[in-house]
Amino acid sequence: MQTKTQAEDLQNYLTDASNMRGGYAEKLFIPESTAEIRQIVREANESGTPVTISGARTGTVGGAVPFGGYVISMERMNKIKSIDRESRTAIVEPGVILRDLQKAVETEGLFYPPDPTEWSCQVGGTVATNASGSRSFKYGATRNYVRKLKIVLADGDVLNASRGDRKPLVTEGGRRIEIRSLTYPRPHVRKNVSGYFVEPQMDPVDLFIGSEGTLGVIVEIELSMLPKPEGFFSGIVFFERESDLLTFVDEARNLSLASRRGVQVLVPTVDATLLEYFDSRALKFISDKFPDVPDRMSGAIFFEQEVTSETEDTVFEAWNKLLEQHSAAVDRSWFATNEQDREKMREFRHALPVAVNEFITRHKQRKVGTDMAVPDDQFPRFLNFYKDILNASGLDYVIFGHIGDCHLHANILPKNDEEAERARHIYGRCIAQAVMLGGVVSAEHGIGKLKAKYLNVMMGERYLNEMVELKRAFDPKGILGRGNMFSV
C-alpha cells in the first residue's frame with residue numbers, strides 16, 4: 001500500500017470532472033487489498049477523520065472532491081477476478097476500468113450494457129452512482145446487473161449483500177444493523193439517482209447502489225451479463241421540423257416498449273436499445289468535427305437496435321417506414337450495420353459532451369449542465385421550458401441526451417463570470433420547474449456535493465432526515481463521503 005502526504009502527490013486527487021474548487025486532504029492511501037482498506041477506515045473512524053473514496057474521478061458533481069481527511073484511491077484494486085460464461089457473471093474489484101471489463105467479457109461471448117458517457121470510469125464508481133447512459137432505454141441502469149457486493153463499513157467491519165437476499169443485515173463480525181424503512185415516494189420517472197433508493201420489498205443490496213460512497217466502501221462486485229448480441233443496426237437521422245422529430249420519438253418509444261411486453265403492434269420489429277437527441281445548436285456546435293452534418297436541420301436522433309442475420313432486413317425496413325412516416329431527411333441521414341461505422345456514430349454521440357467540456361475549459365468556467373428527468377407526460381412541457389428560458393437568456397447552449405428516457409442535458413456555455421452567474425440562476429429555475437412537474441434533480445449524474453442543496457429542495461426536511469438516519473445506521477460518525485448528498 002502506498003501512502004502519500006506531499007502536496008504535489010495529492011494534487012490530482014483533489015478534484016474531479018466537476019472542476020469543483022477548494023479540495024484538500026491530509027493523506028492519500030492507495031491500497032491493494034480489502035484488509036488494507038479495513039485498516040484505513042477503522043483508524044479513520046476511531047479518530048473521526050473524513051474519508052473520501054476516489055475512483056477515476058470522472059464524476060461531474062464533486063463526489064470525489066475531498067474537504068479534509070483521507071483519500072482512498074481504488075486504482076490498485078483493479079483485478080477482474082473471474083468471468084463465468086455459463087452463469088454469465090463476472091466478479092471484479094472496484095478499480096477495474098469499465099471499458100476493460102466490457103472488452104474482457106466480449107471475448108467470452110458476453111455483453112455488459114451500462115454505457116455512461118465516460119468509458120474510462122471505474123466499475124466501483126458506476127455502482128456507487130448507479131450509472132446508466134444511452135443504452136439504459138432498453139437495458140436499464142447498473143442496478144439491474146449487480147448480484148453481490150462486499151462492502152467495508154465505517155468501523156472496518158465487512159458486510160456482504162446479495163440480490164434476492166432480504167434477511168436482516170449482519171456483518172462478518174456478527175453485528176446486526178437495524179435500519180428503518182424509507183417512506184419517501186419515488187417519482188414516476190424512468191431514471192433517478194436523487195438520494196437513496198427505495199421501493200417496497202427491496203433487497204438491502206440496493207441501498208448501496210447509488211449511495212455515492214456514503215454508506216460503505218465497495219471492495220468486490222459480482223455482476224450479471226447478457227449474451228453478446230450478434231449485431232446492431234444504427235442510424236443518426238436528421239429532421240427539418242422538430243414536430244416531426246418529437247412524434248417520431250414518441251412512436252419509436254411506444255413501439256419499443258410494446259415489443260418488450262409482447263404486444264402485437266403494426267411494426268413489431270422496432271425495439272430500440274437507445275434513442276438519443278441532438279438539438280440544432282448541438283449539431284452546429286460539433287459541425288467542425290463532423291462536416292457531413294447537413295445544414296438547416298432542427299435536430300437529430302441517434303437510434304440503435306439489436307439484429308441478427310435473419311432479422312436485419314426486416315428491422316431496416318421497419319425503421320425506414322417509421323422514418324418516412326415522420327418526414328425524416330432519410331437521404332441525408334447516416335446508417336450503419338457494421339462495427340466500424342457504428343463506432344463512428346458512437347463517437348459522434350460522445351464527441352458532444354467532450355466538445356462542451358473543451359469549450360468550458362477554454363473559457364475558464366465551470367460547466368452548467370442540467371440532469372433532471374420528468375414523467376413522460378410532462379416531458380414536452382419541460383423541453384419547451386428549457387428552450388423558452390434559454391432562448392430568452394441570450395446565452396449560448398446546446399441540448400442533447402436520452403430522449404427515450406425523457407431525460408435531456410441542457411448545457412449552458414458561459415464565456416465569462418457574468419454569464420456564468422446568469423447560467424446558475426437559470427439552472428436553479430430549471431430545478432424548480434422539474435420538481436414542480438414531479439421530476440427529479442438528478443437522473444444519472446448523482447448528487448455529490450454540488451447538488452446537495454437541490455436534493456433538499458426536492459425531498460424536503462422530513463424525507464432528508466430519513467436519509468440522514470439511514471446513513472447513521474451504517475456510519476454513526478459520518479466519516480464516509482462527507483458532504484455528499486447532505487452533511488451529517
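The structure is a predicted model, in which local features need pLDDT of at least 70 and side-chain atom pairs count only at pLDDT 80 or more, while totals for chains, interfaces and linings use all residues. Residues are numbered from 1 along each chain as its sequence is written, and side-chain values use heavy atoms, with hydrogens and water left out. Helices (H or I, at least four residues) and strands (E, at least two) are DSSP runs numbered from the N terminus.

Strand 12 comprises residues 217-224, and seven of its eight residues are buried; buried denotes a relative accessible area under 20%, exposed over 50%, and partly exposed a value in between (1.4 Å probe, protein chains only). Strand 12 is also joined to strand 6 by four bridges, and these two strands run antiparallel. Glutamate 222 of strand 12 is the bridge partner of isoleucine 91 and also that of lysine 148.

Strand 4 (residues 70-73) is covered on both faces: Tyr70 and Ile72 are buried on one side, and Val71 and Ser73 are buried on the other. In a regular strand the side chains alternate between the two faces of the sheet. Strand 4 runs parallel to strand 2 (residues 27-30), to which three bridges join it. Within this pairing, isoleucine 72 in strand 4 has phenylalanine 29 opposite. Strand 3 (residues 51-54) pairs with strand 4 in the parallel sense as well, over four bridges, and valine 51 stands opposite tyrosine 70.

An open sheet is formed by seven strands in the order 17-14-16-15-19-20-18, with antiparallel pairing. Its edge strands, strand 17 (334-336) and strand 18, each pair on one side only. Six bridges connect strand 19 (residues 397-402) with strand 20 in the antiparallel sense. Glycine 401 has leucine 408 in strand 20 as its bridge partner.

Helix 12 covers residues 417-436, and at 1.5 Å a residue its 20 residues should span 28 Å; the end C-alpha atoms are 29 Å apart, which agrees. The expected span is 1.5 Å times one less than the number of residues. The buried residues of helix 12 are Glu419, Ala420, Ala423, Ile426, Tyr427, Cys430, Ile431, Gln433 and Ala434. Seen down the helix axis, these residues fall within an arc of 165 degrees, so they line one face of helix 12; the arc is that of the directions from the helix axis to the C-beta atoms. An α-helix has 3.6 residues a turn, so residues three or four places apart point the same way. Asp417, His425 and Met436 are exposed on the other side of helix 12.

The cover over the buried residues of helix 12 includes strand 18 (368-369), helix 11 (379-393), strand 20 (407-412) and helix 13 (452-474), contact being defined by heavy atoms within 4.5 Å. At the start of helix 12, the backbone nitrogen of glutamate 418 has a side-chain oxygen of asparagine 416 within 3.2 Å. Glycine 438 follows helix 12 and has a positive phi, near 85 degrees.

Zero disulfides were found in a search of the whole structure, a disulfide being a pair of cysteine sulfur atoms within 2.5 Å. Cysteine 430 is in no disulfide, and the nearest cysteine sulfur, that of cysteine 406, is 16 Å away. Cysteine 430 is buried at a relative accessible area of 2%. Cysteine 121 is buried too, with a relative accessible area of 7%.

Several loop residues were also examined. Arginine 88, in the loop between strand 5 (80-84) and strand 6 (89-92), has a positive phi near 55 degrees without being a glycine. Its relative accessible area of 36% makes arginine 88 partly exposed. Arginine 296, in the loop between helix 8 (280-285) and strand 16 (299-307), likewise has a positive phi, about 60 degrees, although it is not a glycine. Arginine 296 is exposed, with a relative accessible area of 76%. Threonine 142 lies in the loop between helix 5 (136-139) and strand 8 (146-152) and is buried, at 0% relative accessibility. Residues up to four places away in sequence aside, threonine 142 touches Tyr112, Pro114, Thr126, Val127, Asn130 and Ala131.

Technical notes. Polar contact = N/O pair within 3.5 Å; in protein donor to acceptor, adjacent residues only side chain to side chain. Pairing = 2+ DSSP bridges.
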